[in-house]
Amino acid sequence: MAPDNRFRFTGIECVKFAVENLAEALRFANDWGLAPAESSDPEVKVFRAVDGSEVQVVAADPARADRRPIGGGSGMCEIVWGVEDRAALQALADELGRDRKAEFDAEGVLHSVDDLGINLGFRIAQRRPVLYEVTRFNAPGRPDRLNRRAASYQAAKPQEISHLAIGVDDAGQAVKFYIERLGFIISDRYANRGIFLRCSPAGNHHHVFFMNAKAPGTRFNHLAFKVRDIHEVIGGGQHLESLDWKTFAGPGRHMVSSACFWYFQSPFGGSWEYAADEDVVTAEWESQDFAATAHIFSEWTFGLEKSDGTLKGPISASKVQAL
Ligand SMILES: [Fe+2]
């Protein structure tokens, strides 16, 4: 069955976080390379990647529903998805309004909720890709960068939000709402532990990843940002390390999605990931079920120990479950 794409999703526009240590979160977002942006509410801090994709952050307040992250502690409190036009937004309001809240706010953002209780927003996409000089490589016999030195990076400047990963009790159950109600598409399955979804037939390999978490409940796992190339992953990661932020995993290279990555522990209740050279797909992409092998998380990862066939790192924090 061909994907219907009736809501014409464009990707993640904004992730809203509520955190226990606001000062540390602001310092991390700055160090990460996001640009502070104007905010209409002084209590809501806004940061943007180059294309305008946003992170918003407030101090967590368990007494306020809009400042209570799902799962408690620090974490996400809303994911805002982009759609191409107003007709798509209205179609979403009609679809979701059949069995749940679907309300527009004064700015025209539609607010609803998924089946797990994750708050969702939808707005006409504001992200705008910014042209930049793409890195060229000199392969043997195929030089593509003549008489020019390669780029180097003292710090990263993320171009855009790529994807969000969410820990859940049952990924197979969690994706049903996104597939059946929003028309998301499975790009790949991951070692019986998680499902990679994209929001439109063509574009990012995945925009959201649901993984079976060991800890019960639903919570933020990680947020990934696209940077220009592998050199920027390394430059950005070394910059973070120099500021004493701690590596969660990396640098390394994923088997699924092909991305070069470096994850850091963040004050946002999970980790943030620099990613470069992720797969970009079309409706012709064939999804794959990856086997539950120890090395499935990555082709290689610096500093990641393997012993007795088990892998230490993010995948060890997930549980095997039939999907
Ligand atoms: Fe990721």
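The questions and answers below go from the whole chain to single residues.

Author: This is a predicted model, in which local features need pLDDT of at least 70 and side-chain atom pairs count only at pLDDT 80 or more, while totals for chains, interfaces and linings use all residues. Residues are numbered from 1 along each chain as its sequence is written, and side-chain values use heavy atoms, with hydrogens and water left out.

Reader: How many helices and strands are there in the protein chain?

Author: Helices (H or I, at least four residues) and strands (E, at least two) are DSSP runs, numbered from the N terminus. Counted in this way, the protein chain has four helices and 24 strands.

Reader: What radius of gyration does the protein chain have?

Author: The radius of gyration is taken over C-alpha atoms, and the globule rule is 2.2 Å times the number of residues to the power 0.38. For 323 residues, a compact globule would have a value near 20 Å. The protein chain agrees with this, since its radius of gyration is 19 Å.

Reader: What percentage of the residues of the protein chain count as buried?

Author: Buried means under 20% relative accessible area, exposed over 50%, and partly exposed in between (1.4 Å probe, protein chains only). Of the 323 residues, the buried share is 50%.

Reader: Which residues coordinate the iron ion?

Author: Donors are N, O and S atoms within 2.8 Å of the metal (3.2 Å for Na, K and Ca); water is not among the atoms, so sites may look incomplete. The donors of the iron ion follow the spacing H-x58-H-x50-E along the chain. Their distances are 2.1 to 2.2 Å, and the residues are His 163 (NE2), His 222 (NE2) and Glu 273 (OE).

Reader: How many residues apart are His 163 and Glu 273?

Author: His 163 is in strand 11 (residues 160-168), and Glu 273 is in strand 19 (residues 271-276). Both His 163 and Glu 273 are buried. The pair links distant parts of the chain, with a separation of 110 residues.

Reader: Is Leu 34 buried or exposed?

Author: Leu 34 lies in the loop between helix 1 (22-32) and strand 2 (35-37). Contact means heavy atoms within 4.5 Å; leaving aside neighbours within four places in sequence, Leu 34 is in contact with residues including Phe 47, Val 55, Phe 225 and Trp 272. Because its relative accessibility is 4%, Leu 34 counts as buried.

Reader: Which residues does Leu 243 touch, not counting residues up to four places away in sequence?

Author: Leu 243 lies in the loop between helix 4 (230-242) and strand 17 (247-253). With a relative accessible area of 30%, Leu 243 is partly exposed. The residues that Leu 243 touches are Arg 27 and Asp 31.

Reader: What is the omega of the peptide bond from Gly 250 to Pro 251?

Author: Most residues other than glycine have a negative phi, and most peptide bonds are trans. Pro 251 is found in strand 17. The bond from Gly 250 to Pro 251 is cis, with omega near -5°.

Reader: What is the phi of Asn 147?

Author: Asn 147 lies in the loop between strand 10 (142-143) and strand 11. Asn 147 is exposed, with a relative accessible area of 83%. In this residue, which is other than glycine, phi is positive, near 60°.

Reader: Where is Arg 8 placed?

Author: Arg 8 is not a glycine, although it has a positive phi of about 50°. With 24% relative accessibility, Arg 8 counts as partly exposed. Its place is in the segment before strand 1 (9-19).
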